[in-house]
Amino acid sequence: MATDHQNPATKQKQPVASNFKLVIYEQENFQGRCHELTGPCNNIQEADVAKVGSVLVLCGPWVGYEQPGCKGEQYVFEKGEYPRWDAWTNSRRSDCIVAFRPIKVDSQEHKIVLYENPSFAGKKIEIIDDDVPSFHAHGYHEKVSSVRVQCGTWVGYQYPGYRGYQYLFEKGEFKECSEFGAVLPHIQSVRRIRDMQYHPRGAFQPST
């Protein structure tokens, strides 16, 4: 299966449903009624799920959304256990998730360029095959208003140390911050998303 995943001819294909599995529990600590997802779900209430209390990702990664139709605040889930809402976010703004979809992981290589101004103008910071917990530590003190993802899949964070609002960056161009879901152009850290099925030693480990 890893060979198929790495084949360049398959890079642009949509995620295969059988490669993704997530279980939603209505209560914290994996209690109460549960519902299994293997593909996108625009509104969990339509699947007769009242609330997301905890999440178990058996095969991922996934992104959850605060609003139906995959809108609002974003939450990235990689393979693992999320017993309550503060395991998947520390923005403290909302504990509500009502939509999920799988995240495409189409490359082992990663390159992202973040720009100060909209439409890829102004100062920039280019990151290749690395995680950056603080843009300030790398000498970049500007806002982030537009982004080009040349390869790989990334998640940006509002604050240093992978804290605050999360912004998913899949391969493509984002000409202004509203295109990646931000109200204000504030991103101060970024890391790669690497499917633990293929990168068991390289996946992100959240702090306890």
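**Exercise 1. Describe the pairing of strand S8 and place it in its sheet.**

Solution. Strand S8 (residues 111-117) pairs with S9 in the antiparallel sense, over six bridges. Strands here are DSSP runs of E with at least two residues, helices are runs of H or I with at least four, and both are numbered from the N terminus. Two strands count as paired if DSSP finds at least two bridges between them.

The model is predicted: local features need pLDDT of at least 70, side-chain atom pairs count only at pLDDT 80 or more, and totals for chains, interfaces and linings use all residues. Residues are numbered from 1 along each chain as its sequence is written, and side-chain values use heavy atoms, with hydrogens and water left out.

Step 1: Lys111 stands opposite Ile128 in S9.

Step 2: extend to the sheet. Four strands form an open sheet in the order S9-S8-S10-S13, with antiparallel pairing. Its edge strands are S9 (121-128) and S13 (172-174), and each pairs on one side only. On average, neighbouring strands of this sheet are turned by 15° against each other, direction ignored. Axes are lines fitted to C-alpha atoms, for helices over the stretch in contact; angles run from 0 to 180 degrees between N-to-C directions.

**Exercise 2. Work out the surroundings of Val57.**

Solution. Step 1: locate the residue. Val57 lies in strand S3.

Step 1: check burial. Val57 has a relative accessible area of 2%, so it is buried. Buried means under 20% relative accessible area, exposed over 50%, and partly exposed in between (1.4 Å probe, protein chains only).

Step 2: list the partners. Leaving out residues up to four places away in sequence, Val57 touches Lys21, Leu22, Trp62, Phe77, Glu78, Lys79, Gly80 and Tyr82. A contact means heavy atoms within 4.5 Å.

Step 3: take one partner further. Phe77 is 20 residues from Val57 along the chain, and their C-alpha atoms are separated by 7.2 Å.

**Exercise 3. Is Asn43 buried or exposed, and which residues does Asn43 touch?**

Solution. Asn43 sits in the loop between strand S2 (31-37) and strand S3 (54-59). Its relative accessible area is 16%, so Asn43 is buried. Beyond four places in sequence, Asn43 touches Pro68 and Val98.

**Exercise 4. Pick out the backbone features at Pro61, Cys70 and Tyr162.**

Solution. Step 1: Pro61. The peptide bond from Gly60 to Pro61 is cis, with omega near 15°. Pro61 is in the loop between S3 and strand S4 (62-67).

Step 1: Cys70. Its phi is positive, about 60°, although Cys70 is not a glycine. Cys70 lies in the loop between S4 and strand S5 (71-77).

Step 2: Tyr162. Here too phi is positive, about 60°, in a residue that is not a glycine. Tyr162 is found in the loop between strand S11 (154-159) and strand S12 (163-169). Its relative accessibility is 17%, so Tyr162 counts as buried.
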